[in-house]
Amino acid sequence: MGYDYSAYKKQYDKNAKNVLSSGGTKKDEFLSRMKKTDKFMPVITIVIYYGEKPWDGARSLHEMLNIPEEMETFVNDYPMILVEARENDLVFHNTNNADFFHMMKLILDQSMPEQEAKAKVINYAREHDVDKAVIMTLAGTANCKIDYCALSGREDFDMGTLFERIAKESEVKGKAEGIIETGFECGLSEHNILEKLQKKLNVTLQKAEEYLKRFEKQTIS
């Protein structure tokens with residue numbers, strides 16, 4: 001609901017600005033900031049679930065509310081478009097999307113041992129010459145320790161264990177945010193927070209500053 005509203009509000013604000021600047025508006029158009037002919041682009045929000053187990057949560061707003069039966073027709077519902085990476089019947093026309101979801105399905109398949117699943121993913125990536133961007137997205141999403149060389153068959157690609165690195169960096173970022181947030185709550189200066197980041201995460205001053213800038217940017221936005 002929040003994502004949809006935000007997208008529509010952005011369109012409305014832009015449209016309202018154009019309506020006011022165009023001049024010659026009628027009274028009702030001036031008040032609503034819209035002309036009768038104005039239309040917005042539709043927004044479709046899709047939730048992609050990467051869990052190993054089947055989704056068993058609510059799929060609509062009504063399922064999250066305790067509504068008396070006689071009132072149900074008066075309460076607007078808000079259904080969720082849910083796609084489960086582990087099992088779906090989607091047909092993709094884009095090769096990258098098809099490759100991504102096929103490999104995700106293999107990784108999340110609990111009917112086979114983890115090593116067997118990884119081996120199948122590697123074989124698929126090699127046979128279909130899967131794009132590097134797809135592999136990196138898969139790495140960040142599935143949090144699996146499969147290196148890019150194994151997936152691509154390239155021996156000259158020196159990135160070590162790509163999946164493992166991405167997972168580790170994600171873990172460090174989470175710890176950094178916790179340290180920074182706690183530091184600000186305790187009234188520490190930025191200098192002291194940077195020192196704590198370097199000491200606790202064993203990172204350089206430059207890296208600590210990057211974490212701090214990223215945190216401040218997220219807080220502002």
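First, the ground rules. The model is predicted, so local features need pLDDT of at least 70 and side-chain atom pairs count only at pLDDT 80 or more, while totals for chains, interfaces and linings use all residues. Residues are numbered from 1 along each chain as its sequence is written, and side-chain values use heavy atoms, with hydrogens and water left out.

Let's start with the overall layout. The protein chain has 9 helices and 2 strands. Here, helices (H or I, at least four residues) and strands (E, at least two) are DSSP runs, numbered from the N terminus. Along the sequence the pattern reads α-α-β-β-α-α-α-α-α-α-α.

How much of the chain is buried? Of its 221 residues, 26% count as buried. Buried means under 20% relative accessible area, exposed means over 50%, and partly exposed is in between, with a 1.4 Å probe and protein chains only. The chain exposes about 15,900 Å², and carbon and sulfur atoms supply 52% of that. Those areas come from the Shrake-Rupley method with a 1.4 Å probe; for residues, only the protein chains shown count as cover.

Now contacts, meaning heavy atoms within 4.5 Å.

On to helix 1. It covers residues 2–22, which is 21 residues. From first C-alpha to last it reaches 30 Å, close to the 30 Å expected at 1.5 Å a residue. The expected span is 1.5 Å times one less than the number of residues.

Which residues of helix 1 are buried? They are D4, N15, A16 and V19. They sit on the same side of helix 1, because they cover an arc of only 110 degrees around the axis. That arc is taken from the directions from the helix axis to the C-beta atoms. What do these buried residues pack against? Their partner is helix 2, residues 27–32. Turn to the other side of helix 1, and G2, Y3, K10, K14, K17 and S21 are exposed. After helix 1 comes G23, with a positive phi near 75 degrees.

Next, the cores. In soluble globular proteins, nonpolar side chains tend to be buried together. A nonpolar core here is a set of buried Ala, Val, Leu, Ile, Met, Phe, Trp, Tyr and Cys residues joined through side-chain atoms within 4.5 Å. The largest one has 16 residues. Within it, F100, M103, M104, V121, V130 and L138 touch the most other members. Which elements give two or more residues to this core? Helix 3 (95–107), helix 4 (114–127) and helix 5 (132–142) do. Helix 3 gives the most, with 6 residues.

Look at V130 for a moment. Setting aside residues up to four places away in sequence, V130 touches D99, M103, Y124, A125 and I135. There is also a second, separate core of 13 residues, with A176, I179, A208 and L212 among them.

Last topic: charge pairs. Side chains of opposite charge can pair when their charged atoms come close. A salt bridge here is a side-chain nitrogen of Lys or Arg within 4 Å of a carboxyl oxygen of Asp or Glu. The structure holds 6 of them.

One joins E84 and R59, at 3.5 Å, N to O. This pair links distant parts of the chain, 25 residues apart. E84 is in strand 2 (residues 81–84), and R59 is in the loop between strand 1 (46–49) and strand 2. E84 counts as buried, at 12% relative accessibility. R59 counts as partly exposed, at 36%. Leaving aside neighbours within four places in sequence, E84 contacts Y49, K53, P54, W55 and R59.

Another salt bridge joins E87 and K105, also at 3.5 Å, N to O. E87 lies in the loop between strand 2 and helix 3, and K105 in helix 3, so the pair ties together parts that are 18 residues apart in sequence. E87 is partly exposed at 44%, and K105 is partly exposed at 36%.

Then K207 and E210, at 3.6 Å, N to O. They are 3 residues apart in helix 9 (residues 205–220), so about one helical turn separates them. K207 is partly exposed at 27%, and E210 is partly exposed at 33%. Finally, salt bridges that share partners join R59, E84 and R86 into one network.
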